[in-house]
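Biologist: I would like to learn how to read helix packing and chain contacts. Please take me through it step by step.

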Amino acid sequence: MNKQEIRKVEEAFKTCFQADSGELQPGPEWQRDLMINIRAIAMPVSRPVRSRQEVIIWRLAWTSLAASLILAAVFSFSQTGGDDSQSIGRWEDKIVAINDIIRE
Amino acid sequence: MTVPSEAEIINRILSGNIDDFELLVEEHKVKVFSIVRKRVPPADAEEVAHKVFIAAFKALGSFSQNKPFGNWLSGIAVRTCCNYWRECGSSRKVLAAAPDNEQLEWLEKVCRSDSIEKFSTLSRRQEAKELIGWCLNKLSPEDRALLEMIYFEDWPLKEAAAAMGWGMAKTKIRAMRAKAKMKLIISKLPGEWKK
């Protein structure tokens, strides 16, 4: 093939490429399917927000549980502490009474 | 009621109104389809067009609103078609049949044609489409994309470079090399039938 022939074929290819428009309008199903795919892709974007909220809720739940356990422990210790001081007081009274008896 | 601008639509999509993406699809689907249909076999055009819009949706956050959305989307369409041919190459999918006698006759007629009308009629024939597909399959996906953009569709070099994500100098050199390869393929065409 000579240069002129090559140029003619190139031009024919160019005309053919530009002319090949075919049916350019995609159907409504194509668009509907596309939007379904887009929403499916977008879901993971919204998921982290929900999971972040879940993490915050769980953290709050654990913190409140831990706080209530600590409070319960403190309360129970303070109660037993009070009982101890009362019983010690009672023992002191008894010891004093016994000492008095011995002295007599 | 005022029609929202593309920038407003994009901002709304980015702030979570995903359904507004349909407005962009509605606006640009014909352009994207015209790019895709010329570059990939008709049977795969719808799937590739889907991929174009999905890629655009995923990359919407990186879209700089200084340039037109249509140009940006065209670039994505060209790259998606390029990826299509790359995948075809890796899966060794045969998409164009080997040239036959009808195409050889067409080639001879084109070379002998002296009137513009005759040439124009010849250029629209099925043989031309088959032969162009066969020749383009001989090129790398990037060379193919450059030839289609710069020599077949007369895209400005700047736009072609932006579509490929390359610099101007690289695009120019690659396009020239791609054209030289195409010329070589065309020059060897009659010999292909003798094989």
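Modeller: Start with angles: under 35 degrees counts as roughly parallel, over 145 as roughly antiparallel, 65 to 115 as roughly perpendicular and the rest as oblique. Axes are lines fitted to C-alpha atoms, for helices over the stretch in contact, and angles run from 0 to 180 degrees between N-to-C directions. Helices are DSSP runs (H or I, at least four residues), numbered from the N terminus. This is a predicted model; local features need pLDDT of at least 70, side-chain atom pairs pLDDT 80 or more, while totals for chains, interfaces and linings use all residues. Residues are numbered from 1 along each chain as its sequence is written, with chains lettered from A in the order in which they are written.

Biologist: At what angle do α1 of chain A and α8(B) pack?

Modeller: Two packed helices are described by the angle between their axes and the distance between the axes. Here the angle is about 95°, and the axes lie 10 Å apart. α1(A) and α8(B) are therefore roughly perpendicular.

Biologist: Which residues meet there?

Modeller: Contact means C-beta atoms, placed from the backbone, within 7 Å. A:Lys14, A:Phe17 and A:Gln18 meet B:Glu148, B:Tyr151 and B:Phe152.

Biologist: How many residues of chain B are in contact with chain A?

Modeller: 37 residues of chain B contact 29 of chain A. α2(B) supplies the largest share of chain B's side, nine residues.

Biologist: What does the model score?

Modeller: ipTM is 0.79 and pTM is 0.71.

Conventions: Contact = placed C-beta atoms within 7 Å. Helix = DSSP H or I, 4+ residues; strand = E, 2+ residues; numbered from the N terminus.
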